[in-house]
Amino acid sequence: MLEIKNLHAELSEDSSVKILNGVNLTVEAGKVHAIMGPNGSGKSTLSYVLSGRDGYTVTEGSATLKGEDLLEMEPQERAAAGLFLAFQYPVEIPGVGNMTFLRTAVNAQRKARGEEELSAAEFLKVVRVKAKELQIDADMLKRPVNVGFSGGEKKRNEILQMAMLEPKMCILDETDSGLDVDAMKLVADGVNALRSEGRGFLVITHYQRLLDHIKPDVVHIMSGGRIIKTGGVELALEVEHNGYADILAEVK
Ligand code: ADP
Ligand code: MG
Ligand code: MG
């Protein structure tokens, strides 16, 4: 599904800031891969570079989605190809209704894929069901995107976007940060409901607790802009008990 080879990236405005230093990672369809790692190891930057955010320059390596070169595409083309990123810090968009935003995004993607657009009535039917599952009330759908939402509401809104867009490859950047246990379970349930054979997940998290609810198939540890260790769930438990120090020392 997602294949990243020897990916190097630096800040566009300051090429001395090298953030990704040879990331190698393959996420198969139907699998959930988790990335853990100390603060500043490049986890968010990896998600930004994959989704096409400005400000980073790829200097080496490749990233493909179902064999298509992601790095050659505009951000909206990457989305239309099936890539989705749930932000670590969801953005507030004053003046744009949440419902309008979602419907515009869904229909832009359907159009890009050559599918019929959804009518207002059809869209409403789907969004109401999915919002209810995430305990997002009708009021939140009418308000401007994320404006005045609590931290937990913003994160649930990211998962609603994901559920509506039905991406092939989902990247969640610390979607659990700032959530209480109940909100985290809602988010995890939302993600688990979307797990399917044709879909891959990359779950970036600082803490092991999210992985109690979203059981990963593979766990990677990232440090210094590369994946330094790969294993199973036991790796997440090791980090939970001993922190990153032992793994960093072992790799060194
Ligand atoms: P993580 O998500 O693992 O905490 P980040 O990807 O946010 O790490 O950051 C990786 C490193 O790159 C950090 O040292 C961070 O300070 C640096 N970095 C990322 N983006 C920028 C930027 N726009 N300007 C300056 N430094 C940046
Ligand atoms: Mg961080
Ligand atoms: Mg981050």
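**Exercise 1.** Among contacts in the protein between residues at least 6 apart in sequence, what percentage join residues at least 24 apart?

*Solution.* The model is predicted. Of the contacts between residues at least 6 apart in sequence, 71% link residues at least 24 apart. The protein holds 10 helices and 12 strands. Its radius of gyration is 18 Å, close to the 18 Å that the globule rule gives for 252 residues, so the protein is as compact as a globular protein of that length. Buried residues account for 37% of the 252 residues.

**Exercise 2.** Determine how helix α6 (residues 151-165) is oriented relative to helix α7 (residues 181-194), and describe their contact.

*Solution.* Step 1: the two axes come within 10 Å and cross at roughly 10 degrees. Step 2: angles under 35 degrees count as roughly parallel, so α6 is roughly parallel to α7. Step 3: α6 contributes Gly152, Lys155, Arg156, Ile159, Met162 and Ala163 to the contact, and α7 contributes Ala183, Leu186, Val187, Gly190, Val191 and Leu194. Step 4: sorted by class, the contact has eight nonpolar, two polar and two charged residues.

**Exercise 3.** Identify the buried residues of helix α9 (residues 233-242) and work out how they are placed around its axis.

*Solution.* Step 1: Leu235, Ala236 and Val239 are the buried residues of α9. Step 2: these residues cover an arc of only 100 degrees around the axis, so they lie on the same side of α9. Step 3: Glu234, His241 and Asn242 are exposed on the other side of α9. Step 4: the cover over the buried residues includes β3 (32-36), α8 (209-213), β11 (218-223) and β12 (226-231). Step 5: just after α9, Gly243 has a positive phi of about 70 degrees.

Definitions and conventions. Residues numbered from 1 in each chain as written. Chains lettered and ligands numbered in written order. Predicted model: local features only at pLDDT ≥ 70, side-chain atom pairs only at ≥ 80, totals over all residues. Axes fitted to C-alpha atoms, helices over the stretch in contact; angles between N-to-C directions. Helix = DSSP H or I, 4+ residues; strand = E, 2+ residues; numbered from the N terminus. Parallel < 35°, antiparallel > 145°, perpendicular 65-115°, else oblique. Contact = placed C-beta atoms within 7 Å. Nonpolar A, V, L, I, M, F, W, Y, C, P; charged D, E, K, R; others polar. Rg over C-alpha atoms; globule rule 2.2 N^0.38 Å. Buried ≥ 20, exposed ≤ 12 C-beta atoms within 10 Å, placed from the backbone. Arc of directions from axis to C-beta.
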